[in-house]
Amino acid sequence: MRNLDETIGRVLADLAQDGRLRSLRAVEPMDGGRIRIDGRELVNFSSNDYLGLSRHPALIERARQWAERYGAGAAASRLVTGHTAALAAIEEKIAAAKGVEAALVLASGWQCNASVLPALLDKSLWGAEPLVFADRLNHASLHMGCQSAGIRQTRFRHNDMTHLDELLARSAREPGPRFIITESVFSMDGDAPDVDRLVALAEEWDAFLYLDEAHATGVLGTNGFGLSVGTHVDVSMGTFSKAMGSFGAYVASSRAVKDLLVNRASGLIYSTALPPAVLGAIDAAIDLVPALGAERARLAALADKVRRAFAAADLDTAGSTTQIVPVILGDEDRTLKVAARLEQQGLLGIAIRPPTVPTGTARIRFALSATHSDEDVERLIDATIQAAREIP
Ligand SMILES: Cc1ncc(COP(=O)(O)O)c(C=O)c1O
């Protein structure tokens, strides 16, 4: 007789024994880059709300207005009756901001990568198996997309354009279209590839470039719309769930790619359209973000200050150049202890461990927000340096 819970229980017990059992903690979001957990207020250095837009009155107000006007839910997938003129107008705005022909809104960044990639990498489309060149540290949703397409990925060393060039050269005689799949800001390292070089390599080797702008959208590039703006990236995606303050995702591309996705991306075809309140928040964020140059400059300056202080204290911040600043501590136990010490001091920095990051590179991933005060950031610097010194 099979017993589901018994089998699962054994797996969970193994995870717990390895110190890898994850669980959910209920939190209460607050203004000013803060959060309440178990009744305690902490400065939140772990959220992706880089501009503080999740609590911005303009987003909340438009979410309320759109819910009142259009209802609480979309009530159908977009190909049925879930598509509205308001959603079409949002897509026009995104396409204009990205400087491309068309944009398509999907339910989340994860759902976007997991369903857009299988549509683009479909062998029946190309008549031969596509060759995928993927950064070794690509996000789980990009892997999921390749996996469900049944594609074998050729991994290039993280942000290493010379390695990518070599791999593309090696496959020059193989049939099948080439796809380079990477991110413009890596979520666990806070570093960015040379996008111009990626575009040049894609052109040289006749490859398509798919760029995940989840952590760049709102923060980097012209008017904060990502590093693909003004370049020749074939397909870029981004999320509204991080700096843009709410939820959902977009794909920016040619009109033909959009039309293909409307016909082939299962995450669009077989899923209900985003609810009006979320679309209202997205619409308000798109209107607001171009004017937030001062906030973006402040965010960059805060991250710079943290990086310089950590470097002076011999702490490893990997290749961070953005608002995400990891401190690589290596050992998982040490990382957990440092994170716990910071939490005792009112500072939230979540320990990130394998399998999310490669073995031996456990880290605390600090994410800055333009809403953090100078004092918050100084406290973070002092407490982290002290904890890392005292906890071997
Ligand atoms: C690089 C990258 N792509 C996609 C996603 C998924 O986005 P979402 O949270 O909107 O599902 C994330 C989220 O962590 C990410 O870091």
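Modeller: A pocket here is an open set of grid points with protein on both sides within 12 Å along at least five of seven lines. Keep in mind that this is a predicted model.

Start with the space itself. Four of them give two or more residues each: helix α6 (123-126), strand β9 (235-239), strand β10 (249-253) and helix α10 (255-264). Which element gives the most? That is α10, with three residues.

A cavity is a set of points where a 1.4 Å probe fits but cannot get out. A search of the whole structure finds one cavity of 30 Å³ or more. The volume of the largest cavity is about 80 Å³. Its lining draws on R78 and L87, then on V105, L106, A107 and Q111. G267, L268, S271, T272, A273 and L274 line it too. Two elements, β4 (102-106) and α11 (266-269), each supply at least two residues of this lining.

The cysteines come next. A disulfide is a covalent bond between the sulfur atoms of two cysteines. How many disulfides does the structure hold? The count is zero. Take C112. Its closest cysteine sulfur is in C146, 13 Å away, so the two are too far apart for a bond. The cut-off for a disulfide is 2.5 Å between the sulfur atoms. Seen from the other end, C146 is in no disulfide, and the sulfur of C112 is the nearest cysteine sulfur to its own. Are these cysteines buried or exposed? C112 is buried, with a relative accessible area of 0%. C146 is buried as well, at 1%.

L12 is partly exposed, with a relative accessible area of 40%. Patch residues need over 30% relative accessible area, so L12, at 40%, passes that cut-off.

Methods. Residues numbered from 1 in each chain as written. Predicted model: local features only at pLDDT ≥ 70, side-chain atom pairs only at ≥ 80, totals over all residues. Heavy atoms only, no water. Buried < 20%, exposed > 50% of the residue type's maximum accessible area, 1.4 Å probe, protein only. 1 Å grid on protein atoms, 1.4 Å probe; cavity = no way out; pocket = protein on both sides within 12 Å on 5 of 7 lines; lining within 4 Å. Points joined across faces, edges and corners; volume = space filled by probe spheres on them. Helix = DSSP H or I, 4+ residues; strand = E, 2+ residues; numbered from the N terminus.
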